[in-house]
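Hi everyone, thanks for making time this morning.

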Amino acid sequence: MRYLSLCLLVSLLLSGASAFAQSVADTTVSPYHLSLKREAIYLGLGTLMTGGAIVFQERVPETLLGQLQIQDFGENNFLDRSLGGLEERTPARKLSDKFLNFNAGLPLALALGKRTRKDLPKIALLYTETMALTGGITGLTKVTFLRARPYVLNDNWDPQRELKSGDRASLISGHTSLSAAGTFFFARVFADYYPDSKLKPYVWVLAAGLPAATGYLRIRAAKHYPTDVLAGYAVGATVGYLVPALHKKAILPRGLRVSGGATGVYLNYRF
């Protein structure tokens, strides 16, 4: 997660300015509207949170099992107790990595569509903001709660083995949050550019199912508890959906307003 956050931060800094410059000059009819102030806030906030998470994670002190607040599976909430005795599983972990790469890269498929291909610089900027905000929220949550991963509470874990920062990064699941951000962003953008497409229901099913499968693999790998995955899914899906939604252009022209009263509905235009 630390390496992924660092790559995300570097990508953000390198692509943000150029993508904004290209999108402003783009004359393609687009459902999205960019604002220098708004994009500066989103990009700045994403950069600050992602960079802060990396810095704080480097400062997480090493601890022992006996120093944790929860030292046994039975002390977890009812959803997470089911993982008692689960050991770390490499095959599930490796497969979850592949799912993450696919899910986070799914928006690249938008380059195949004629409408979205013409508007790629703008879409790229929105996607950069989406992943930066998701990565920042995920990283800061991890260093705030410092929740030990499930494999730490396994009976085979040596109580005298020091826990590093990566061992205490269970809440929330970064694989799930970034996967959900990528797939929900893809589905929302696809729906905005192709509102009449018959593929929309299938796209949304794909967007919902892929991060869920990723989260399941993270649970099977003993990297996360069910609540970690649920929280990660909620964060990623929310950010992935909202960033494009908050950039939607107004349906009515500037100056035109709809007002209602007891006698009916009126259109007002201010010059």
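Let's begin with α3 and α6, whose axes come within 8 Å and cross at roughly 30°. Axes here are lines fitted to C-alpha atoms, for helices over the stretch in contact, and angles run from 0 to 180 degrees between N-to-C directions. Helices are DSSP runs of H or I with at least four residues, strands are runs of E with at least two, and both are numbered from the N terminus. Angles under 35 degrees count as roughly parallel, over 145 as roughly antiparallel, 65 to 115 as roughly perpendicular, and the rest as oblique. So α3 and α6 are roughly parallel to each other. Their crossing is left-handed; that is, the near helix is turned anticlockwise from the far one by less than a right angle, whereas clockwise would be right-handed.

Before going on, please keep in mind that this is a predicted model: local features need pLDDT of at least 70, side-chain atom pairs count only at pLDDT 80 or more, and totals for chains, interfaces and linings use all residues. Residues are numbered from 1 along each chain as its sequence is written, and side-chain values use heavy atoms, with hydrogens and water left out.

Which residues of α3 and α6 meet? On the α3 side they are Ser96, Asp97, Phe99, Leu100 and Asn103, and on the α6 side His175, Leu178, Ser179, Gly182 and Thr183. Contact means heavy atoms within 4.5 Å. By class, this contact of α3 with α6 has 3 nonpolar, 6 polar and 1 charged. For the classes, Ala, Val, Leu, Ile, Met, Phe, Trp, Tyr, Cys and Pro are nonpolar, Asp, Glu, Lys and Arg are charged, and the others, Gly among them, are polar.

Now to another partner of α6. Helix α6 (residues 174-193) packs with helix α7 (residues 200-220) at an angle of about 175°, their axes 9 Å apart. That makes the two, α6 and α7, roughly antiparallel. Contributors from α6 include His175, Thr176, Phe184, Phe186 and Phe190, and those from α7 include Trp204, Leu210, Pro211 and Arg218. The contact of α6 with α7 counts 12 nonpolar, 6 polar and 3 charged residues.

One residue I'd point you to is Thr176 in helix α6. Is Thr176 buried or exposed? With a relative accessible area of 0%, Thr176 is buried. Buried means under 20% relative accessible area, exposed over 50%, and partly exposed in between, using a 1.4 Å probe and protein chains only. Leaving aside residues up to four places away in sequence, Thr176 touches Pro211, Gly215, Arg218, Val229, Gly232 and Tyr233.

On to the charges: the whole structure has 8 salt bridges, each a side-chain nitrogen of Lys or Arg within 4 Å of a carboxyl oxygen of Asp or Glu.

Lys223 and Glu88 form another bridge, at 3.0 Å, N to O. This pair links distant parts of the chain, 135 residues apart, with Lys223 in the loop between α7 and α8 and Glu88 in the loop between α2 and α3. Lys223 counts as buried at 12% relative accessibility, whereas Glu88, at 40%, counts as partly exposed.
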